[in-house]
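Let's take a walk through a protein chain together. Keep the sequence and the 3D view open while you read.

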Amino acid sequence: MKILKIAILKDDFDEILNGEKTEVYQDFIPFWEEQLLINDKEGVRFRKYDAVEFRNGFEANVPTIVIEWKGTELELFDEAPRGSKDPEDYYFVINLGKILETKNC
């Protein structure tokens, strides 16, 4: 199973766990381009994942959710999504499906 791993803040973690948040936003920066895009001789396209693992921290036993990955999009926002520093910019939108697994929640 190909899993995208993301560490997130507690508020976002809780909203995903409770089903309130069905998509997450990542800034269009080199780190996320590398994680979410493939750029080769065939052109630029989104990487495909089976699931997204959200961790609330970096220690070994932190709360973790594994959730179905439903695709990635690139969108232009007029206002910066919560937690972002850049208004009026492109953002990756990661669409989430059903929760597959929880640990230490």
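## Starting from one threonine

Leaving out neighbours within four places in sequence, Thr72 is in contact (heavy atoms within 4.5 Å) with Leu36, Phe46, Phe92, Val93 and Ile94. Before going on, a quick word on the ground rules: this is a predicted model, where local features need pLDDT of at least 70 and side-chain atom pairs count only at pLDDT 80 or more, while totals for chains, interfaces and linings use all residues. Residues are numbered from 1 along each chain as its sequence is written, and side-chain values use heavy atoms, with hydrogens and water left out.

Back to Thr72, which lies in strand β6. Helices (H or I, at least four residues) and strands (E, at least two) are DSSP runs, numbered from the N terminus. Is Thr72 buried or exposed? With a relative accessible area of 9%, Thr72 is buried. The cut-offs here are simple: buried means under 20% relative accessible area, exposed over 50%, and partly exposed in between, using a 1.4 Å probe and protein chains only. The side chain of Thr72 also makes a polar contact with the side chain of Trp69, at 3.1 Å. A polar contact is a pair of N or O atoms within 3.5 Å; within protein, one must be able to donate a hydrogen and the other to accept it, and residues adjacent in sequence count only if both atoms are side-chain atoms.

Strand β6 holds another threonine, Thr64. Thr64 counts as buried, at 4% relative accessibility. A polar atom of its side chain lies 3.1 Å from the backbone oxygen of Val62. Not counting residues up to four places away in sequence, Thr64 touches several residues, including Phe13, Phe54, Glu101 and Cys105.

## The chain as a whole

Now zoom out. The chain has two helices and seven strands, and reading along the sequence gives the pattern β-α-β-α-β-β-β-β-β. Of its 105 residues, 33% count as buried. Among contacts with a separation of 6 or more, 62% come from residues 24 or more positions apart.

Strand β3 (residues 37–40) pairs with β4 in the antiparallel sense over four bridges; two strands pair if DSSP finds at least two bridges between them. A hairpin of two residues joins β3 to β4, and Ile38 stands opposite Arg45 in β4. Val44 is in strand β4 too, and at 58% relative accessibility Val44 counts as exposed. Leaving aside neighbours within four places, Val44 is in contact with Leu37, Ile38 and Asn39.

## The nonpolar core

A nonpolar core is a set of buried Ala, Val, Leu, Ile, Met, Phe, Trp, Tyr and Cys residues joined through side-chain atoms within 4.5 Å. The largest one here has 18 residues, and Leu4, Ile6, Ile16, Val52, Phe54, Ile94 and Leu96 touch the most other members. Which elements supply at least two residues each to this core? They are β1 (3–7), α1 (10–17), α2 (30–36), β5 (51–55), β6 (64–77) and β7 (89–103). Take Phe54: aside from neighbours within four places, its contacts include Ile6, Phe13, Ile16, Val24, Ile67 and Leu96.

## Rings that meet

Rings of Phe, Tyr and Trp (its six-membered ring) pair if their centres lie within 6.5 Å; planes under 30 degrees apart count as stacked, over 60 as edge-to-face and the rest as tilted. By this rule there are three aromatic pairs. Here are two of them.

| Pair | Centre distance | Plane angle | Type |
|---|---|---|---|
| Phe31 and Trp32 | 4.9 Å | 85° | edge-to-face |
| Tyr49 and Trp69 | 6.2 Å | 70° | edge-to-face |

Tyr49 counts as buried at 9% relative accessibility, and Trp69 counts as buried at 15%. In the other pair, Trp32 is buried, with a relative accessible area of 10%, whereas Phe31 is partly exposed at 47%.
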